[in-house]
Amino acid sequence: LGTTLLLDTLLLALLRVPSEERGSWRVVLRVMYAACKLTSDFLPFAAIFFLWSAAIVMIAAASLVPCTFLLMTEAVRNVRHRRRRHGSLQLALLAARAAARVAAA
């Protein structure tokens, strides 16, 4: 994500440099200056976007952890009492497999 943002910023900076000045060595300095100026223009918006993204992830994690705990306790209770409710067991196995895959990646 960072590389994409950097390359997009450099491309926009290059497009803002006039085409007559692109043939000299000074174009590198002009592109860097334009990239810094572009970064300072959209940095507050990027910060707000990343803060909102982090807040959404935290809300999702805060709601998934208790629900997963309740799901696992329900599955264990079904196994102990030998109930025939296989839906909660299958969902608990799915959650356990997903957690294992996330931990392994």
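Modeller: Start with a definition: buried means under 20% relative accessible area, exposed means over 50%, and partly exposed lies in between, with a 1.4 Å probe and protein chains only. This is a predicted model, in which local features need pLDDT of at least 70, side-chain atom pairs count only at pLDDT 80 or more, and totals for chains, interfaces and linings use all residues. Residues are numbered from 1 along each chain as its sequence is written, and side-chain values use heavy atoms, with hydrogens and water left out.

Colleague: Why is Leu 93 called exposed?

Modeller: Its relative accessible area is 51%. The cut-off is over 50%, so Leu 93 counts as exposed. Leu 93 lies in helix α3, residues 86-104. Its C-alpha atom is separated by 9.1 Å from that of Ala 75, 18 residues apart along the chain.

Colleague: And what makes Ala 105 exposed?

Modeller: Ala 105 has a relative accessible area of 89%, so it passes the over 50% mark. Ala 105 lies in the segment after α3. Ala 105 and Ala 34 are 38 Å apart, C-alpha to C-alpha, and 71 residues apart in sequence.

Colleague: How many helices and strands are there in the chain?

Modeller: There are 3 helices and 0 strands. Both are DSSP runs numbered from the N terminus: helices are H or I with at least four residues, strands are E with at least two. Along the sequence the pattern reads α-α-α.

Colleague: What makes up the largest nonpolar core?

Modeller: It has 7 residues: Ala 13, Val 17, Val 27, Val 31, Ala 34, Ala 35 and Leu 38. Helix α2, residues 26-80, gives the largest share, 5 residues. A nonpolar core is a set of buried Ala, Val, Leu, Ile, Met, Phe, Trp, Tyr and Cys residues joined through side-chain atoms within 4.5 Å. In soluble globular proteins, nonpolar side chains tend to be buried together.

Colleague: Which residues is Val 17 in contact with, leaving aside its neighbours within four places in sequence?

Modeller: Arg 22, Val 27, Arg 30 and Val 31 are in contact with Val 17. Contact means heavy atoms within 4.5 Å.

Colleague: How do you know that Glu 74 and Arg 77 meet in a salt bridge?

Modeller: A salt bridge is a side-chain nitrogen of Lys or Arg within 4 Å of a carboxyl oxygen of Asp or Glu. Here the N to O distance is 3.4 Å, so the pair qualifies. A search of the whole structure finds 1 salt bridge. Both residues lie in helix α2, 3 residues apart, about one turn of the helix.

Colleague: Are Glu 74 and Arg 77 buried, partly exposed or exposed?

Modeller: Glu 74 is at 26% relative accessibility and Arg 77 at 39%. Each value falls between 20% and 50%, so Glu 74 and Arg 77 are partly exposed.
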